[in-house]
Amino acid sequence: MTLVELRKKIEAKTAIIGVVGLGYVGLAVACKFAGAGFPVLGLERQPEKVTLINDGILPMKGNEPGMPELLAAIRSDGRLSATTDPAALQEADVILVAVETPVAAGAKSPNYEALKSALTTISEAMQPGALVIIESTIAPGTMAEIVRPLLEEVSGLAVNKRFYLGHCPERVMPGRLLKNLSTMSRVCGGNTPETAQVMAALYRHIVQADLDLASCATAEMVKTTENAYRDVQIAFANEIALICEMVGADVWEVRELVNKSPQRDLHMPGAGVGGHCIPKDPWLLVHSTTGKGAPPSLIPTARQLNDNMPLHMADLLVDALFEVGYPIRGAKVAVLGYAYLENTDDVRNSPSERLINRLQKLGAHVVVHDPYVAEYQGDLHAMLQDADAIIVMVAHQHYKTLNLADIKPYLSHPILIDGRRVFEPGVARQAGFVFRGVGRGEPGSR
Ligand code: SAJ
């Protein structure tokens, strides 16, 4: 099939779309295309997930507005079916790849096992003329150095002649899957400009925002850069917070006034940077320079600074305990918040985990509370009983409504360390707490 013929099938919505990997990204895009009227085949390794999806049940946790109803609707009219059988891809005209591309903890290099496995499966099944689109976030250079060679070698087909190739990085977020898919612009990175145009014709069926045509390399750079940008911005805000603590200024007052200056956007300082995107994508960007020249310095430095913020929370605690003359060894410390983001149950790359490990190494007895994370739900007051300190790591709405005067009697030592500006220093001190906060320097305190 030529690109022209494929485009006609896409415009008629008769093109069969295969989606490899039915996680947050894959299932959402499969549902969106099925909802737009395309026949969609979902390929998933986990049989239990396949069963749930074919029963019209969402296999993901958390609240995804619109997804349950959409999945039920497209299952009832059979426009989406899930399977564990790779042979199903033989029918597909378009194949979207939405598998994980994690970064290995130590080496900070991408783990492409899932991607390579998916590409091998696709190569063994895809029909000539198919369009393969990688939606997973990948390091710049991956399309040229890994994806294209593997597909050509295993399938025996030549790209641009016997199959087509592109990269359209996903921009979804748990909790906003369908909304982001519809409203956020996408970069359609084609192996050729003609391929990019056919990709835009496809995504136009589900995206109401800009579809920007580009090369694969540009698409790889855009996604990793937009998240590295955010990480560096957050790191800058965190460094300003550390300086404010040293010089006795309040970083939130400084931030408000700095951001009055045109084209300034000081981000929010805090207790650390978690999640599945921001801590990972900067390393994909850095990895792309391996063996090609001087490695970046700003991006790794920002990553290190953000990763140290949970440890700074422990430093603030040690300082407060010193003020009351109580050692951290043997102290009972209550950590409030384990999710990586407020009002979610997503714990991927949780900054709290790093803090908890440090506190335990210092000899503290740590108890953890999080109203959204099943493992840490429970009676907060009971958990606070005889605690020597509270450390707030996540700005869950639940914590913002806490009355400090009510909880103080439960504590052995009224120490409050605030990592997310949940409390104001004056209010905490008025309630009788020894208070420390990220960036909350006290005039004349040094
Ligand atoms: N954080 C800060 N200070 C800030 C912003 C965030 O410390 O100013 C922390 C958060 O507490 C969290 C981490 O950084 O621990 C990540 O927060 P996030 O708001 O960036 O949320 P994510 O990780 O879900 O990021 C996603 C990304 N979207 C995609 O990759 C498609 C990111 O590009 C978006 O900018 C972000 O959502 C968003 O703006 O909501």
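In what sense do β5 and strand β6 (residues 164–167) pair, and over how many bridges? I opened the notebook with that one, keeping in mind that this is a predicted model.

**Entry 1: β5 and β6.** I found that the two strands pair in the parallel sense, over 4 bridges. Looking across the pair, I saw isoleucine 134 standing opposite histidine 167 in β6. I then followed the chain: β5, helix α6 (residues 142–155) and β6 make a β-α-β unit, and the unit is right-handed.

**Entry 2: β4 and β5.** Next I turned to strand β4 (residues 94–97), which pairs with β5 in the parallel sense over 4 bridges. Here leucine 96 stands opposite isoleucine 133 of β5.

**Entry 3: side chains of β5.** Which way do the residues of β5 (residues 131–134) point? I see Leu131 and Ile133 pointing one way, with Val132 and Ile134 pointing the other way. All four are buried. A reminder to myself: side chains in a regular strand alternate between the two faces of the sheet.

**Entry 4: the ligand.** I counted 18 residues around the ligand, and the closest are Asn227, Arg230, Met268, Gly274 and Tyr340. Then I looked up some distances:

- A ligand oxygen atom is 2.5 Å from an N or O atom in the side chain of asparagine 227.
- A ligand nitrogen atom is 2.7 Å from a polar backbone atom of methionine 268.
- A ligand oxygen atom is 3.0 Å from a polar backbone atom of glycine 274.

Technical notes:
Residues are numbered from 1 along each chain as its sequence is written. This is a predicted model: local features need pLDDT of at least 70, side-chain atom pairs count only at pLDDT 80 or more; totals for chains, interfaces and linings use all residues. Side-chain values use heavy atoms; hydrogens and water are left out. Buried means under 20% relative accessible area, exposed over 50%, partly exposed in between (1.4 Å probe, protein chains only). Two strands pair if DSSP finds at least two bridges between them. A crossover is right-handed if, with the strands pointing away from the viewer, the path from the first strand over the helix to the second runs clockwise. A residue is near a molecule or strand if one of its heavy atoms lies within 4 Å of it. A polar contact is a pair of N or O atoms within 3.5 Å; within protein, one must be able to donate a hydrogen and the other to accept it, and residues adjacent in sequence count only if both atoms are side-chain atoms.
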